[in-house]
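Let's take a walk through a protein structure together. Keep the picture open and follow along as we go.

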Amino acid sequence: MATLFLDILTTASMLFIVAAGLMIILGVMKLINFAHGAFLTVGGYAVHVVTDAGYNAWLTIPAAAAVGFLLGVVVERLVVRPLYSRPLDAILATWGLGIVIAQVIVFIFGREVQFAASPISGTAELLATTYSAWRLILVGAAVILGVLLTALLYLTRFGLNARAVIMNEDLARGLGIDSVRVRAMTFGLGAALACAAGALITPLLSVDPNMGLPWLVNSFMLVLVSGVAIPGLALASLLLGGAQVLVSTFVSPIIGGITIVVLAAVILRIKPQGLSRG
Amino acid sequence: MADITSEASERSSRQVWRTAIGAAVALAIILTAPFYLDTYMTNVLIRALFLGVLALTVDLVWGYAGILTFGQSAFFGIGAYACALVFTHWGFGPGWAIAALLIGVLVAALTAWLVGLLSFYHGASPLYSSIMTLALPIVLVQIIFAGGRFTGSSSGLSGFPTYYWSIDTWFIIAGVLLVLVASVAWLFVRSDYGRILVAIRENEDRCAYLGIPVSRIKTGLFVACGAVGAIAGFGYAAFTNVVAPELGGFLLGTESLIWVALGGRGTLIGPILGAIGIDVTSSYLSGSLPFLWKFIVGVAFVVVIIVLPNGFASLATSGWRRYRMRGVEAGDVRHGPGITLVSTSGRRADAVDPTVAPIRIDGLTCRYGSLTVLDGITVEGRAGQLLSIVGPNGAGKTTLMRCISNGTERTGGQVAVAGHEIGRNSPQKIVGLGVGRSFQNTSLFDSLTVGDCLRLARFRIDGARSFVRSGTVALPEPALEILKATGLDQQLGLESRYLSHGMKRGLELAMVLATEPRVLLLDEPTAGLTKPERTAIGHVLTRLVAEYGLCVFLIEHDLDFVREISDRIVVLHQGKLLLDGTVDEVVSSDLVKAVYAGQDLEAAS
């Protein structure tokens, strides 16, 4: 029972961490970044490079975020900026970008699974069970991430500008907010979050050129169900992630794999705006 | 009349002939191809031809109707698995083959119908249907995984009995299938119905307000394309003798988008060449340069989406267009030999009971959260009466129009059109009851010609022909009059984006009238027009009311104009109905003056 509870909590945390970057980009830019899976993969490879070079494994997360930010700013300039007026095309272009990134990774590192050291290994005793320590750390990481993102959006100048752009871009521009810069920063931030998320989940996965792909669709569904808001995303991760764990445990892991997708499709049919609005 | 119809049928038969000649040439190429192709190439091409059929269906759904689908592969997979499962588990033979094909087509069509039912409803965002098509292949693959030994799980099924015909025979089968599907699609997208798909892609909302059952058309197209995709999958499986979950997966779905995007969405040849070209090249390069090839395709895809949204085919088509337009001024292009307008025979079939009000609004309320935009509006519109709705900005005038023309908008109260409650019906059903609505901003279909726009408006009453382009549009008298008054009847071949603002307004009004409404809702029809244009429209409106007995609701800011043409005026202020009376009563009212002067109501009264 305690294991089940922890499974739900940690799965929800992972989903929250992984989907956060996608949500920031969708929220501010009204744009679905299908390169998100590839960004997660880049994060995983950043871990591989940093630990392979012998640095402390805790450094992997800021390193991945830095790589992600640079990547995001470049991608925004080259691929995303021409497509602001064509959101459905932007989905396709970022998907193509994901293919390109995966192939570049194959060129550099090959197709085989890579080794990456984990900051913490082993298990911890909690609620009278032994449980993977890293999964427990992810719960903390998710909470910190949620708080930091909320603070960023509501307590900083960047957050104010970003919210203005979310609500009414033309007016925001009229008020002297450089919306192009806000968008570039946002895409960089979203990519940084995605890469950092990739680094955070790497200790639980193997590093290969397509490691991020399975997370893409689930993150996308969660973000839409969340109604593009941080508390909504937390709620969606808990509900849908919880459902996934329950179905996988009691019905079948294969059906568990489609729980999030099916539930999201149903929820969005009933509440097209997601959980946060109306 | 006789010569018009004969001209039309001559035109459409010419279209059929041209298609038949094109198909014959393509067939000749296919029948002779085995003579000069080597075995490996033929093998690769057979698979590519089946995938080309899949690409065509993606193109129809995405390129023509604008539904971004990630899940067309699911139907391909269903067809493939129908073949493999039947041949593996039940039996093999001509009877079984036909049964398997039928099962595949039926299951695919049923799946497509269910997905369509869920994803296409009025007000659905285009993203939602994409989400559904994304979920579909993912769910299908998991079902295949869950099938265990029955479906072969992740390794799929292979070695089932199939027709080991010579490779040339298979090539011809695949080729003929592709030519057949392409020819039918060619005729279809050039027909009246094909224009409707383009209209839906360009302005879905406006289509709904013309009474076009958008969701039903989209679902129908999705079902047809799903069925065709299943046939292609069936052929693919029967030929390769191997099925794997990847055939129904999300990755093949996105790959087919890449073929279509590179080849050119919204053309038919482009996607076919895209699918065949990319598939054949990757078969050759996958041995020597597998990663580099994928990389090149990925880069090409991104670049094409950004700088060449209509794919490589657009280079050819724009070149062709430039060739045809030599020496012709831009905006002066006429499409085809034009369309003839004729008058509809007779009046509306369903006679109206004169004692029933054309429209009755009772206690209509509309709230957004705590904001009340309309509060208990009760108005009755009478036949042969022009009712103007006036009031300052934000009074709720446009919202009132919205609540009448879309059953899902209002929060409370009833609206009855000719005695029928509108309930929670979607706009296209309400158009069917006899409500026509024009919009505040001219929302037209840019790439359709004036004639196409008018035919579109007649879809609800006259329907549309699936494989033929008809040469006439039947319009009711008032619509013809407007076209004549604005000179639009001389511009039927012109794309509507090149029209002047005044002509766009005229066309919009003519389109609404073409739906033969009982009740006409006009939201600032004269905004931005010159004085003569305004007078002309005012003249038409009074005639509509006096001679054709329409009930017109008009939103207008110009009070002088209102005074000239109205029979009755309703004043809205802050969501409440302030006054309902004759022109004189309202114009002389101090209350109205106070409202427009922005004074406090209490002080004025």
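This is a predicted model: local features need pLDDT of at least 70, side-chain atom pairs count only at pLDDT 80 or more; totals for chains, interfaces and linings use all residues.

Look at the contacts in chain B between residues at least 6 apart in sequence: 77% of them join residues at least 24 apart.

Now for the inside. The largest nonpolar core has 276 residues, and the ones with the most contacts inside it are C195(A), A510(B) and V552(B). Helix α9 of chain B, residues 214–240, gives the largest share of this core, with 16 residues. Domain 1 (2–250) and domain 2 (359–604) of chain B each supply at least three residues to this core.

Let's zoom in on C195(A). Setting aside its neighbours within four places in sequence, you'll see C195(A) in contact with F39(A), V42(A), G43(A), A46(A), A64(A), A65(A), V67(A) and G68(A).

Finally, where do the two chains touch? The contact takes 27 residues from chain B and 28 residues from chain A. On the side of chain B, the elements giving two or more residues are α5 (126–146), α10 (250–263) and α12 (290–307). Of these, α5(B) brings the largest share, 11 residues. Sort the residues on this side of chain B by type and you get 22 nonpolar, 4 polar and 1 charged.

Definitions and conventions. Residues are numbered from 1 along each chain as its sequence is written. Chains are lettered from A and ligands numbered from 1 in the order in which they are written. Two residues are in contact if their C-beta atoms, placed from the backbone, lie within 7 Å. Helices (H or I, at least four residues) and strands (E, at least two) are DSSP runs, numbered from the N terminus. Ala, Val, Leu, Ile, Met, Phe, Trp, Tyr, Cys and Pro count as nonpolar, Asp, Glu, Lys and Arg as charged, and the others, Gly among them, as polar. A nonpolar core is a set of buried Ala, Val, Leu, Ile, Met, Phe, Trp, Tyr and Cys residues joined through C-beta atoms within 7 Å. A residue is buried if 20 or more other C-beta atoms lie within 10 Å of its own, exposed if 12 or fewer, and partly exposed in between; C-beta atoms are placed from the backbone. Domain bounds come from an automatic or database domain assignment.
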